[in-house]
Structure formats: C-alpha cells, structure tokens
Amino acid sequence: MSLWLRAGFWCEFTVTAVSADAPGTQKTRAVRSAGGALSWLRVDLRPLTGGFDPVEARKAFDWLECHQWTAADQLKRGEPVALSLLHQGAALRWTISPALFLPLLVSPCACGESGLIS
C-alpha cells in the first residue's frame, strides 16, 4: 500500500420510500477502524428499534446481539457489510465498505505574506 493511502471504512445510511426508485435521504461517514464503523451503525440503529414493527425489531435486535460479530469478521476480511430494515413504508439501509483514503495535505499558508489576505 502506498505511503499516502490510508485504509478505513466508508459508512452510508440511506432512507428510501418503498414506492420510490431513487434514494431519498443519505448520510455518509469515513471511519478509520472496523470497530468505529460498527459503533457508528449501532449508535444509529439503537434509537430506532422502538419504532419498528415486531418482525423488523427482532431483525434489529438479532443484528445488535449476534450478527454484529459476524459483520466485524467480514470487515476484517475486507468484505462489505449491509443491514436493511423496513419502517413505515421506507427502506432503511446501512452499508459499511472497506476503502482507501487519500488524506488531504495542508501546506503552511503564506497568503498573508503574499498580500492575498490582509
């Protein structure tokens, strides 16, 4: 791996109306570790569990209690992870994918010295 590239995980949460073709609301985040990515998903999922119907709530609790450990193993092997649930006519989908990130380099700014910023 290149000196400049950093391994991490790309996390996405998408809410799509079941009757719609295109995604509605989306939230993304870059995370450095598999544990951090799974924590992001757990923190996002837990407050929603009380609003799910019994079948979807059971799926959510099963993931929180058991399947997150399988997901951790998948991420460590470089495989993506996804969790999809339905809630009141909307499809909720969390995805975590291994990714390589190119950090932004910030050079010392000489803008004040050049007269660009006063």
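A salt bridge here is a side-chain nitrogen of Lys or Arg within 4 Å of a carboxyl oxygen of Asp or Glu. With that rule, a search of the whole structure finds five salt bridges. One of them links Arg-58 to Asp-62, with the closest N and O atoms 3.1 Å apart. Both residues sit in helix α2, four residues apart, about one turn of the helix.

Before going further, a word on the model. It is predicted, so local features need pLDDT of at least 70 and side-chain atom pairs count only at pLDDT 80 or more, while totals for chains, interfaces and linings use all residues. Residues are numbered from 1 along each chain as its sequence is written, and side-chain values use heavy atoms, leaving out hydrogens and water.

**The sheet**

Helices (H or I, at least four residues) and strands (E, at least two) are DSSP runs, numbered from the N terminus. Two strands count as paired if DSSP finds at least two bridges between them. Four strands make an open sheet in the order β2-β1-β4-β3, with antiparallel pairing. At its edges are β2 (25-31) and β3 (81-87), each of which pairs on one side only. On average, neighbouring strands are turned by 15° against each other, direction ignored; axes are lines fitted to C-alpha atoms, for helices over the stretch in contact, and angles run from 0 to 180 degrees between N-to-C directions.

Here are the strand pairs, each with one example of facing residues:

| Antiparallel pair | Bridges | Example partners |
|---|---|---|
| β1 and β2 | seven | Phe-9 and Val-31 |
| β1 and β4 | twelve | Ala-17 and Ala-90 |

Helix α2 (residues 54-76) lies across β1, β3 and β4, and runs at about 170° to β3.

**The largest pocket**

Rolling a probe the size of a water molecule over the atoms shows where empty space is left. On a 1 Å grid over the protein atoms alone, a pocket is an open set of points where a 1.4 Å probe fits, with protein on both sides within 12 Å along at least five of seven lines; lining residues have an atom within 4 Å of a point.

How much space lies in the largest pocket? About 190 Å³, taken as the space filled by probe spheres set on the points. Its lining consists of Arg-6, Ala-7, Gly-8, Ala-30, Val-31, Arg-32, Phe-101 and Pro-103. Strand β1 gives the most, with three residues, and β1 and β2 each supply at least two. By type, the lining divides into five nonpolar, one polar and two charged residues; Ala, Val, Leu, Ile, Met, Phe, Trp, Tyr, Cys and Pro count as nonpolar, Asp, Glu, Lys and Arg as charged, and the others, Gly among them, as polar.

Definitions and conventions. Contact means heavy atoms within 4.5 Å.
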